Amino acid sequence: MFESSDLSFRYEIRHPLYKELDSILESWWELVREQSIIDKRAEKNVSNIQKSKRFIDTLFEWDYLLIAFDLDLDQIIGIGSTYPDNFFLSGGPSIWNIADVWVAKNKRRNGVAKNMVNELEKIAKKGGAQEIRLDVYAENESAYALYTSVGFGQLKETLNKKIWNIW
């Protein structure tokens, strides 16, 4: 799909191989761990590990999952996914989502995430997407800057309210 010509390190963005699924799962949990500063819903336990494995397996089976793979270190340095929105009413444009874009900390700020998003967009377009959406935490300024730099704009504002039980 994509192979870098960057002199600092060589990597490719491609669909994963089945033997790489465990490494992908580790990367996905690193993404969840990093996001836990903002979103504390995901606890790493046996049940959630099983659920995340089924989720990753499904993305793999449908070719909705990509990895960034360091060719010199022979390891995964990034992940990302895209899939059709499951909005159940018909009549509007075909909308796809981009999600779970993550790059290893030591490889960030080298264009890997931007190239990942571009490749994910190609998959969505090939699948019939007329619009692509993604969610980003407002506090994640670097991700927000990345997505706006590749043409994404604000669609809606999601509000939240913490409810504290006093029992």
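Buried residues make up 38% of the 167 residues in the protein chain. The model is a predicted one.

**Overall build**

The protein chain holds four helices and six strands. From the N terminus on, their order is β-β-α-α-β-β-β-α-β-α. The radius of gyration is 17 Å, close to the 15 Å that the globule rule gives for 167 residues, so the chain is as compact as a globular protein of that length. Along the principal axes, the C-alpha atoms fill a box of roughly 55 × 40 × 30 Å.

Of the contacts with a separation of 6 or more, 64% are between residues 24 or more positions apart. The accessible surface comes to about 11400 Å². Carbon and sulfur atoms account for 52% of that surface.

**Strands and their partners**

Strand β4 covers residues 75–84. Seven of its 10 residues are buried, so β4 is largely enclosed by the rest of the structure. Strand β3, residues 65–70, pairs with β4. On the other pairing, β4 joins β5, which spans residues 95–103. Strand β5 also pairs with β6. The table lists these pairings.

| Strand pair | Sense | Bridges |
|---|---|---|
| β3 and β4 | antiparallel | six |
| β4 and β5 | antiparallel | six |
| β5 and β6 | parallel | four |

Asp-70 stands opposite Gln-75 in β4. The two strands β3 and β4 form a hairpin with four residues between them. Asp-74 lies in that turn and has a positive phi of about 60°. Further along, Tyr-83 stands opposite Asn-97 in β5. Asn-97 also has a bridge partner in β6, namely Arg-133.

Strand β6 takes in residues 131–134. In a regular strand the side chains alternate between the two faces of the sheet. In β6, Ile-132 and Leu-134 make up the covered face. Glu-131 and Arg-133 make up the uncovered one.

**Helix α3**

Helix α3 runs over residues 112–126, 15 residues in number. From its first C-alpha to its last it reaches 21 Å, close to the 21 Å expected at 1.5 Å a residue. Its buried residues include Val-112, Ala-113, Met-116, Val-117, Leu-120, Ile-123 and Ala-124. Asn-115, Glu-119 and Glu-121 are also among the buried residues of α3. Just after the helix, Gly-128 takes a positive phi of about 105°.

**The nonpolar core**

In soluble globular proteins, nonpolar side chains tend to be buried together. Here the largest nonpolar core has 42 residues. Those with the most contacts inside it are Ile-24, Ile-56, Ile-98, Val-101 and Tyr-147. Leaving aside residues up to four places away in sequence, Ile-56 touches Leu-21, Ile-24, Leu-25, Trp-28 and Leu-65.

**An exposed loop residue**

Arg-109 sits in the loop between β5 and α3. Its relative accessibility is 77%; residues over 50% are called exposed, so Arg-109 counts as exposed. Arg-109 and Ser-23 are 86 residues apart along the chain. Their C-alpha atoms are separated by 22 Å.

Methods: Residues numbered from 1 in each chain as written. Predicted model: local features only at pLDDT ≥ 70, side-chain atom pairs only at ≥ 80, totals over all residues. Heavy atoms only, no water. Expected span 1.5 Å × (residues − 1). Buried < 20%, exposed > 50% of the residue type's maximum accessible area, 1.4 Å probe, protein only. Pairing = 2+ DSSP bridges. Core = buried A, V, L, I, M, F, W, Y, C linked by side-chain atoms within 4.5 Å. Contact = heavy atoms within 4.5 Å. Rg over C-alpha atoms; globule rule 2.2 N^0.38 Å. Areas by Shrake-Rupley, 256 points an atom, 1.4 Å probe, with all protein chains shown as cover.
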